[in-house]
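Thanks for coming. I will walk through a few local features, so please have the sequence and the model open.

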Amino acid sequence: MIPMVQLVTLAIRSSTIAVVAVLLLVALTAAGASPPAAAQDRNGDNGLAPGGGDVIVVARPTWDTGWFQSEIVTQLLAELGYVIDGPSTYTNDDFYTSVQTGDVDLWVNGWFPLHEQLLPPASARARAIGSEVRGGALQGYLADLGSIEAGGITSLGDLADPEVAAIFDDDGDGKADLIGCNIEWTCHGIVEHHLDAYGLRDT
């Protein structure tokens with residue numbers, strides 16, 4: 001049985017893992033490349049020129065906490081004279097594929113640098129522009145307050161102590177149980193690094 005998670009963090013703040021929410025918008029390259037056929041069909045010859053009834057296909061993420069900012073940007077674009085198609089809900093992988101093929105034009109739920117590896121290499125069609133959280137955000141591990149206090153835990157490295165790790169050992173294998181984020185979030189690379197950096201593989 002997994003203990004309830006409360007908003008108590010063992011936070012690790014680092015410029016290498018700071019997450020930045022950014023706008024992703026179709027970039028028709030500074031060199032003046034023609035818009036893909038799908039964009040021409042939707043918008044005519046003027047591509048994504050502001051207003052004038054041009055259609056913008058908007059995506060939003062599967063996590064509903066990201067829908068709020070998506071709705072704000074959607075309403076602002078409508079006020080500028082765009083016709084909004086959507087938003088439709090996409091997984092991270094599906095969005096980054098669909099923006100490359102021209103099936104969608106934008107979402108406001110990119111998290112960088114975590115999502116950088118989801119963008120295809122040498123992308124000519126999509127790029128990150130702007131930011132919601134310019135300085136990054138706090139990212140870390142959550143545990144229930146009772147366990148934190150019982151183990152006297154002040155940092156992730158404390159879990160190298162077998163007695164502390166035993167507090168989180170739900171399946172009796174002698175190691176703390178850790179639940180990571182969905183694989184498409186790419187957090188697993190950071191977690192794997194921490195297991196090595198803090199000597200946590202044995203516990």
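Predicted model: local features only at pLDDT ≥ 70, side-chain atom pairs only at ≥ 80, totals over all residues.

**Around L178**

Residues are numbered from 1 along each chain as its sequence is written, and side-chain values use heavy atoms, with hydrogens and water left out.

Where does L178 sit? In the loop between α5 (162-167) and α6 (188-197); helices are DSSP runs of H or I, at least four residues, numbered from the N terminus. L178 counts as partly exposed because its relative accessibility is 49% (buried is under 20%, exposed over 50%, partly exposed in between, with a 1.4 Å probe and protein chains only). F168 is ten residues from L178 in sequence, and their C-alpha atoms are 8.2 Å apart.

The loop between α5 and α6 also holds D170. With a relative accessible area of 43%, D170 is partly exposed. Patches take residues with over 30% relative accessible area and no salt bridge, joining like charges within 9 Å and nonpolar side chains (Val, Leu, Ile, Met, Phe, Trp, Tyr) within 5 Å. A salt bridge is a Lys or Arg side-chain nitrogen within 4 Å of an Asp or Glu carboxyl oxygen.

Last, a nonpolar patch. F68, I72 and L76 form this one on the surface, with about 320 Å² of accessible area together, by the Shrake-Rupley method with a 1.4 Å probe. L76 lies in helix α2 (residues 67-79) and is partly exposed, at 47% relative accessibility.

Methods: Helix = DSSP H or I, 4+ residues; strand = E, 2+ residues; numbered from the N terminus.
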